[in-house]
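Trainee: Could you take a close look at one part of this model with me? I'd like one connected walk through it.

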Amino acid sequence: DLNAEFVQATHGNDALKATLHNDFALAILDVQMPDMDGYELAELLRSDPKTENLPIIFLSAVYHDDYHVFKGYDSGAVDFIIKPYEPKILLSKVNFFLQLHQQKLALEKAVELEKTKNYLENILFSMTDAIFVINLRGEIQICNQGGEALAGYEQEEIVGMPLYIFLQE
């Protein structure tokens, strides 16, 4: 029921390769894997700027003593689940991190839009030609100093007025 794409890797090196081509919301790592264990993989993920903040959940059927659990948390895990586990609990945790990832992406998009808006406003207000930004109803939303000079009003007075008023003169 999760609206997500899952990427499965059977080896630590395969998981590292997958991070080159994907932006993951969460990594679920088994502690015991061929070639490298989950702790080593977590340390490699933490050392890469692209995945340094990737949430990691460890799963283990073999290592369930306090030493290994704390080693998992020391490796950067947000959780350590002992097998057998309740699938609904794991799904709930996965869903939480998917939602968190979606919020992160939305925030990054909003920040990028704000940067673009500020950049364009700086260009707009540095120009000497009269420029009016209007909405779909033809009302002035923004004007620069050239627009104020042409209209004979301050921006605060012009905003919300229909542009056609100034075009008739």
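Which residues form one aromatic cluster?

Mentor: Keep in mind that this is a predicted model. The cluster you want is made of Tyr39, Phe58 and Phe80. Let's go through it ring by ring.

A search for aromatic pairs comes to three in total. One of them is tyrosine 39 with phenylalanine 58, a tilted pair with 5.3 Å centre to centre and 55 degrees between the planes. Tyrosine 39 sits in helix α2 (residues 38-47) and phenylalanine 58 in strand β2 (residues 56-60), so this pair links distant parts of the chain, 19 residues apart. As for cover, tyrosine 39 is buried at 4% relative accessibility, and phenylalanine 58 is buried at 0%.

Phenylalanine 58 also pairs with phenylalanine 80, again tilted, at 6.0 Å centre to centre and 40 degrees between the planes.

Aspartate 79 forms a salt bridge with lysine 93, and their closest N and O atoms are 2.1 Å apart. Because lysine 93 lies in helix α4 and aspartate 79 in strand β3, the pair ties together parts that are 14 residues apart in sequence. The two ends have their own levels of cover: aspartate 79 counts as buried at 14% relative accessibility, while lysine 93 is partly exposed at 26%.

A second bridge belongs in this picture: aspartate 30 meets lysine 83 at 3.0 Å, N to O. Aspartate 30 is in strand β1 (residues 27-30) and lysine 83 is in the loop between β3 (79-82) and α4, so this contact ties together parts 53 residues apart in sequence. Both ends are partly exposed, aspartate 30 with a relative accessible area of 26% and lysine 83 at 29%. In the whole structure, the search finds four salt bridges.

If you carry on along helix α4 (residues 87-126), you come to leucine 120. Leu120 belongs to a nonpolar surface patch with Tyr119, Ile123 and Met127, and together they have about 390 Å² of accessible area.

So, back to your cluster: Tyr39, Phe58 and Phe80 make it up, and phenylalanine 58 takes part in both the pair with tyrosine 39 and the pair with phenylalanine 80.

Conventions
Residues are numbered from 1 along each chain as its sequence is written. This is a predicted model: local features need pLDDT of at least 70, side-chain atom pairs count only at pLDDT 80 or more; totals for chains, interfaces and linings use all residues. Side-chain values use heavy atoms; hydrogens and water are left out. Patches are made of residues with over 30% relative accessible area and no salt bridge: like charges are joined within 9 Å, nonpolar side chains (Val, Leu, Ile, Met, Phe, Trp, Tyr) within 5 Å. Accessible areas come from the Shrake-Rupley method with a 1.4 Å probe; for residues, only the protein chains shown count as cover. A salt bridge is a side-chain nitrogen of Lys or Arg within 4 Å of a carboxyl oxygen of Asp or Glu. Helices (H or I, at least four residues) and strands (E, at least two) are DSSP runs, numbered from the N terminus. Buried means under 20% relative accessible area, exposed over 50%, partly exposed in between (1.4 Å probe, protein chains only). Rings of Phe, Tyr and Trp (its six-membered ring) pair if their centres lie within 6.5 Å; planes under 30 degrees apart count as stacked, over 60 as edge-to-face and the rest as tilted.
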